[in-house]
Amino acid sequence: MALSHLAASASRSSSLLKPLSSALSLRRPISGDNSPLTVETSVPFTSHQCEAPSRSVETNPKELLTFFRDMALMRRMEIAADSLYKAKLIRGFCHLYDGQEAVAVGMEAAITKKDCIITAYRDHCTFVSRGGTLLEVFAELMGRQAGCSKGKGGSMHFYKKDSNFYGGHGIVGAQVPLGCGLAFAQKYSKDETVTFALYGDGAANQGQLFEALNISALWDLPAILVCENNHYGMGTAEWRAAKSPAYYKRGDYVPGLKVDGMDALAVKQACKFAKEHALKNGPIILEMDTYRYHGHSMSDPGSTYRTRDEISGVRQERDPIERIRKLILSHDLATEKELKDVEKEVRKEVDDAIAQAKESPMPEPSELFTNVYAKGLGVESFGADRKEVRATLP
Amino acid sequence: MLGQSLLKIRPAISVLRSYSSAAKQMTVREALNSALDEEMSADPKVFLMGEEVGEYQGAYKISKGLLEKYGPERVLDTPITEAGFAGIGVGAAYYGLKPVVEFMTFNFSMQAIDHIINSAAKSNYMSAGQMSVPIVFRGPNGAAAGVGAQHSQCYASWYASCPGLKVLSPYSSEDARGLLKAAIRDPDPVVFLENELLYGESFPVSDEVLDSSFCLPIGKAKIERKGKDVTITAFSKMVGYALKAAEILEKEGIDAEVINLRSIRPLDRSTINASVRKTNRLITVEEGFPQHGVGAEICASVVEESFAYLDAPVERIAGADVPMPYAANLERMAVPQVEDIVRAAKRACYRVVPLAAAA
């Protein structure tokens, strides 16, 4: 069945559908198995100061089905957050990741939870790929106790230290030196692990990034700088912000790789390559060519600086979920109905998590004064009227 | 003749009043160096990072000998990129290491202030306790001598206003040792404000202070000189000036109590208020700019907690409200002098004309 989908043409979508080897001719159960499968990436990698890895990516049905499920979950989660924001249950800032899911899932597939990830404020999906639950996401977005930061952080401040996810940062570019610091600590501790520091095309021009990259290269830190290039820094297109938008080359003496960020398998291959490189040779830059369907945040319609045709064009040609769907169907790893059922399941999971999150209470008033310090020393802190509201910090 | 010998004896007595049977003398530089050495020896997670801290032995020789002893993995010379290396330090602290990040002076910390405040100070709160940041940012703060406007600012007030930071400022060698050790051991981000002109000053240190387990509590001020007529608060170099002012005031019959704050955040409000409730008069002394300064906070605290006990308005002595000039005479006018503190104390005691000394 799968073989009948093969085409010999050189077009991009066909190379997607053309496995180099396949162990399957029968349809497997929806959960998939680990029998190896090799798939070619949509486009070859472009490299700077290094040899690009092969376009042929080792995968298996289980992994592909997991990619599909995880990305569908993330997509659904972000769209649900959009509705919650419009219903005023989420306040302040809300930066959505739909369209960029392949970067989160592809990266996770290449590494372990002992490797570190740090990103900026578009962090909901990265948090989930590091093991965060939907309840923690929605409760945090709505400022409730069950949130990953107990309601005290908000959308931009998700953390999961036990799986080495270090946030969640609101200041553009700050996360890059922080990530290089994580890499420093990993090397200092001889952990043989790496850090992925994610940033956008807007942050790519930040001076502190180059300061941290210089130090990382000098000290051979296992730091992987990942530019999630969605081509717009808020409302400013990359060509209006960067003299050189070839972000994978901006490291100069630091090698770089340009990756199709809408292809989860390409992301996985690049991250695997980067990890091996960083452990031996120090920092490397990965530029993920990706796209966000939403505007910069919920206060940005995203259509004043981009055409609707552009957005729908990407959705039609490059959507990461559709790519995996086609791959799964062409290899006969599942039926269309089964995949639709997964999407329905995932939708239900999201709806259930939202319902549960809505039940979670807001933090106790006393929580205003907790966690100011790790060790409060019994000092006093004050509310707006210090004669009325005082607390002793534990 | 007798008066002259009394004058000579008094300073020695006042020193002995402050320090218990002290045998050894130690400079502040030696105090900081030994504290760093001992803490690095005790905990392999502690490391030092900054410009010239390694091969140069430290811009002010505070880290002398440490590179040789601990090696280049733990004593790291950085490029001149404060934003970069401060951020790297905070990231290392996120992971669980205990960095000591040196700013050559705190004027340069402004390049890295986003990491100190947004990446370090606020993280434990924003993450509801997941991300503690056991980092120390240290270096010289405030005016040196003749270094001009861009190299002379005092940052105590700015950093101390920020919840999530602890801000310490030592005066003596005992302070330097005890507070730096406490800062390195503390799980929260600490801004440690030293003073370049104090590095070479010698202070007596007891055996207790010399012990490697010695540590001072964070958030507790020290009463350097007990008195009953007027309270003078100060920190860092100004403590020395306040003590000199107290000697002069004593000759004029005013018995000043000098409080060495040691900790700017948390501020030891209870010690300050207890003192003011005893003396009923307060002078705050600081080197930094007067507006929104440390003295302003102390004054507000005393007005809130001990208003009924004040017999006179609170007096503030601070740096002049101008960028630091270079010319020696103008520079002298831009920083508090001992006579400024004396004059303010007399104003608080309603003494306009100095009385004859009570023998």
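Let's start with chain B of this predicted model. Chain B splits into two domains: domain 1 covers 24-210, and domain 2 covers 222-350.

**Inside chain B: where the domains meet**

How much area do domain 1 and domain 2 of chain B bury between them? The figure is about 2100 Å², and 57% of it is on carbon and sulfur atoms. There are charged links here as well: the count between domain 1 of chain B and domain 2 of chain B is two salt bridges. If you'd like to find a salt bridge in the structure, look at B:Asp175 and B:Arg262, whose side chains meet with an N to O distance of 2.6 Å. Polar contacts show up too, with 12 residue pairs across the interface of domain 1 of chain B and domain 2 of chain B, both residues being at pLDDT 80 or more.

**Chain B meets chain A**

Now for the contact between the chains. Here, 52 residues of chain B are in contact with 50 residues of chain A. Together chain B and chain A bury about 4100 Å², with carbon and sulfur atoms giving 62% of that area. Which residues of chain B lose the most area to chain A? They are B:Ile88, B:Tyr95 and B:Tyr125, and together they make up 20% of what the chain B side buries.

Between chain B and chain A the salt bridge count is four. A salt bridge joins the side chains of A:Arg386 and B:Glu297, at 3.9 Å from N to O. As for polar contacts, the rule finds 24 residue pairs across the interface of chain B and chain A, again with both residues at pLDDT 80 or more.

Several elements of chain B each supply at least two residues to the side that touches chain A, including β2 (46-50), β3 (75-77), α5 (113-121) and α12 (294-306). The top contributor to that side is α4(B), with 11 residues. By class, the side of chain B that touches chain A holds 24 nonpolar, 14 polar and 14 charged residues.

**Annotated stretches and the domains of chain A**

| Stretch | Distance between end C-alpha atoms | Helix | Strand |
|---|---|---|---|
| Residues 69-365 of chain A | 39 Å | 46% helix | 10% strand |
| Residues 26-201 of chain B | 8 Å | 37% helix | 16% strand |

Chain A is divided into domains as well: domain 1 spans 37-363 and domain 2 spans 365-393. Taken over C-alpha atoms, the centres of domain 1 of chain A and domain 2 of chain A are separated by 36 Å.

Notes: Residues numbered from 1 in each chain as written. Chains lettered and ligands numbered in written order. Predicted model: local features only at pLDDT ≥ 70, side-chain atom pairs only at ≥ 80, totals over all residues. Heavy atoms only, no water. Domains from an automatic or database assignment. Buried area = accessible area lost by both parts, 1.4 Å probe. Polar contact = N/O pair within 3.5 Å; in protein donor to acceptor, adjacent residues only side chain to side chain. Helix = DSSP H or I, 4+ residues; strand = E, 2+ residues; numbered from the N terminus. Contact = heavy atoms within 4.5 Å. Nonpolar A, V, L, I, M, F, W, Y, C, P; charged D, E, K, R; others polar.
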